[in-house]
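Reader: I am new to this structure and would like to learn how to read its salt bridges. Please take me through them one at a time.

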Amino acid sequence: MPALLQGKIAIVTGSTRGIGRAIAVAFAAEGANVMVHGTNEQRAAQVAREIEAAGAAAAVCLGDVADKTFAARLVNCAIERFGGVDIFVSNAGMSGFQPFLSMTSEMWQRFLDVHLSGAFYCGQAAAQRMVAQGRGGRILNMSSVASAFALYGFTAYSTVKAALVSLTRVQAVELAEHRITANALVPGPVKNEMMDELWGPEKLAERCKTIPQNRLASPEDVARAAVFFASPAAEYITGQSCVIDGGASAAGLYAHEVFKHFSGTQ
């Protein structure tokens, strides 16, 4: 069976760890050459080695997606190394939670810059190249179930993740004539370094009880969905949001956060 992404060229922002790393490696396993992005040189080099071990080519471009001048450099790196870009995944992000009443303007702005402006700047540069190439393309934006559910301390995070869903819809409509699809991946809680640092093992074990499959998503769960939406099988799917949460939103179980708050167990 031929690889799903054979010969494709992918850019995955924030691909030095967690979900982004899993997507980059999964793309490579399906035949895509991958531009690794991050801000840590050592981690980026390690992911590049994993991609090469999977039989694909890798290149690294380091920088801050919030810097609007970086977007052109990122896409140019892919052009210089691989000759173009077919798949763009906006995954770069940051963590940090503050209540609405005490949210600092600095944190608010940084979330907007990294999650939303970064997706716009880099996504626009990638799409412009896809249009110029004339062979279509795929855009994937990393949202979150927090885009649809109000969770405590998620003022900035929920806002930018909801905005990414709206950006995805606009991209889908405007880019359809160029055979470029745009979809959002919407994970629930994912077991990764960031979640471990934020919550710790005890709280994460408690969170699993709110998920019908009784476990957090793995980065690879999200990566498999990314491969599908980047593949020819999804060429007629665009402007959609794919929820990857083990059934928690279907059961309405994110309301458990409100219950814990008012019961004094949070």
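Author: Start within one helix. Arginine 224 and aspartate 221 are three residues apart in helix H7 (residues 219–230), so about one helical turn separates them. The model is a predicted one.

Reader: What do the side chains of arginine 224 and aspartate 221 form?

Author: The general idea is that side chains of opposite charge can pair when their charged atoms come close. Here the two side chains meet in a salt bridge, at 2.6 Å from N to O.

Reader: How many salt bridges does a search of the whole structure find?

Author: The search finds seven. One of them pairs arginine 110 with aspartate 64, with the closest N and O atoms 3.3 Å apart. This pair links distant parts of the chain, 46 residues apart: arginine 110 is in helix H4 (residues 105–133), and aspartate 64 is in the loop between strand S3 (58–62) and helix H3 (70–82).

Reader: Where do aspartate 86 and arginine 135 lie?

Author: Aspartate 86 forms a salt bridge with arginine 135, and their closest N and O atoms are 2.6 Å apart. Aspartate 86 lies in the loop between H3 and strand S4 (87–90), and arginine 135 in the loop between H4 and strand S5 (137–142), so the pair ties together parts 49 residues apart in sequence. Aspartate 86 is buried, at 5% relative accessible area, while arginine 135 counts as partly exposed at 39%.

Definitions and conventions
Residues are numbered from 1 along each chain as its sequence is written. This is a predicted model: local features need pLDDT of at least 70, side-chain atom pairs count only at pLDDT 80 or more; totals for chains, interfaces and linings use all residues. Side-chain values use heavy atoms; hydrogens and water are left out. A salt bridge is a side-chain nitrogen of Lys or Arg within 4 Å of a carboxyl oxygen of Asp or Glu. Helices (H or I, at least four residues) and strands (E, at least two) are DSSP runs, numbered from the N terminus. Buried means under 20% relative accessible area, exposed over 50%, partly exposed in between (1.4 Å probe, protein chains only).
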